[in-house]
Amino acid sequence: MIEKYKDLETLAGKLGIRGFSMKDAGGKVQIAGTTTYALERDLFWDALKKHAGWENEVVADVKAERTDIHGIHTVQPGESLSKIAKTHLDDAGRYMDIFNANKDKLKDPNMIHPGQQLVIPNR
C-alpha cells in the first residue's frame, strides 16, 4: 500500500518537510514530519487527500513549527494576489490581507512579480 503514496515523499522534499517518514504500520501508512509553516503542511495535506481511500489507509502527523503567519509564498508567473489568496486562504477576496502583510515589498496590489516572496497571513 505504501507504493500508492510514494509521490508524497517527493512532495515532502519539495516542501522542505523535515524528519519526513513514511512506513507501513499495522496495515496503515504512517506519515510524520515537520514543516516551518502551516502553508507547507496544508499543501501536503491537499496532495494526500487526492488519493482515493486515504481516510482508511493513512495516519499522518505533519506539524508546523511556526504559527505567527500562515507561510511564505513565492510568486509564480501569471499569479495575482487574489489567486494566491484563493489558494492559501480559501478566499480570493482576502487579497488585501496579503497586500497589507507585505507593504514593505508591495506598493500596489495589482503589481506583483514572479520570484517575490510574500508573507501569507494566518487564515
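Two strands pair if DSSP finds at least two bridges between them. With that in hand, welcome to a tour of this predicted model.

**Figure 1. The whole chain, from end to end.** The protein contains five helices and five strands, and they follow one another in the order α-β-β-α-α-β-β-α-α-β. Its C-alpha trace spans about 55 × 25 × 20 Å along the principal axes. Of the 123 residues, 37% are buried. Look at the contacts with a separation of 6 or more: 61% of them join residues 24 or more positions apart. The protein exposes about 7000 Å², and carbon and sulfur atoms supply 50% of that area. There are 18 positive and 18 negative side chains, with the centres of the two sets 2 Å apart.

**Figure 2. Strand S2 and its two partners.** Start with strand S2, residues 28–35, which pairs with strand S1, residues 18–25, in the antiparallel sense over six bridges. S2 also pairs with S3, this time in the parallel sense and over seven bridges. You can pick out individual partners here. Aspartate 24 has valine 29 of S2 as its bridge partner, and arginine 18 stands opposite threonine 34 in S2. Towards S3, glycine 33 is bridged to valine 62.

**Figure 3. The hairpin turn and the two faces of S2.** S1 and S2 make a hairpin with two residues between them. Glycine 26 sits in that turn and has a positive phi of about 60°. Now follow the side chains along the strand: in a regular strand they alternate between the two faces of the sheet. In S2, the covered face holds Val29, Ile31, Gly33 and Thr35. The uncovered face holds Lys28, Gln30, Ala32 and Thr34.

Figure 4. Which residues have the most contacts inside the largest nonpolar core? They are Tyr5, Leu8, Ile31, Phe44 and Val58, in a core of 14 residues. At least two residues of this core come from each of helix H1 (6–15), S2, helix H2 (38–48) and strand S3 (58–64). Leaving out residues up to four places away in sequence, tyrosine 5 touches Met22, Val29, Leu48, His51, Ala52, Gly53, Trp54, Glu57 and Val58. A second, separate core has twelve residues, among them Leu81, Ala85, Ile98 and Ile112.

**Figure 5. Aspartate 42 in helix H2.** Aspartate 42 lies in helix H2. Is aspartate 42 buried or exposed? Its relative accessible area is 15%, so aspartate 42 counts as buried, the cut-off being under 20%. Setting aside neighbours within four places in sequence, aspartate 42 is in contact with His70 and Arg123.

Figure 6. Threonine 36 belongs to the loop between S2 and H2. Its relative accessibility is 28%, so threonine 36 is described as partly exposed; that class lies between the 20% and 50% limits. Beyond residues up to four places away in sequence, threonine 36 touches Arg18, Ala64, Glu65 and Arg66. Compare this with lysine 23: the two residues are 13 apart along the chain, and the C-alpha atoms of threonine 36 and lysine 23 are separated by 22 Å.

Figure 7. Where does aspartate 90 lie? Find it in the loop between helix H4 (81–89) and helix H5 (95–101). Most residues other than glycine have a negative phi. Aspartate 90 is not a glycine, yet its phi is positive, at about 60°.

**Figure 8. Asparagine 110 in a loop.** Asparagine 110 is placed in the loop between H5 and strand S5 (117–120). With a relative accessible area of 67%, asparagine 110 is exposed, because exposed means over 50%. Asparagine 110 and alanine 52 are 58 residues apart along the chain, and 38 Å separates their C-alpha atoms.

How values were computed: Residues are numbered from 1 along each chain as its sequence is written. This is a predicted model: local features need pLDDT of at least 70, side-chain atom pairs count only at pLDDT 80 or more; totals for chains, interfaces and linings use all residues. Side-chain values use heavy atoms; hydrogens and water are left out. Helices (H or I, at least four residues) and strands (E, at least two) are DSSP runs, numbered from the N terminus. Buried means under 20% relative accessible area, exposed over 50%, partly exposed in between (1.4 Å probe, protein chains only). Contact means heavy atoms within 4.5 Å. Accessible areas come from the Shrake-Rupley method with a 1.4 Å probe; for residues, only the protein chains shown count as cover. Lys and Arg count as positive and Asp and Glu as negative; His and the chain ends are not counted. The place of a charge is taken as NZ of Lys, CZ of Arg, CG of Asp or CD of Glu. A nonpolar core is a set of buried Ala, Val, Leu, Ile, Met, Phe, Trp, Tyr and Cys residues joined through side-chain atoms within 4.5 Å.
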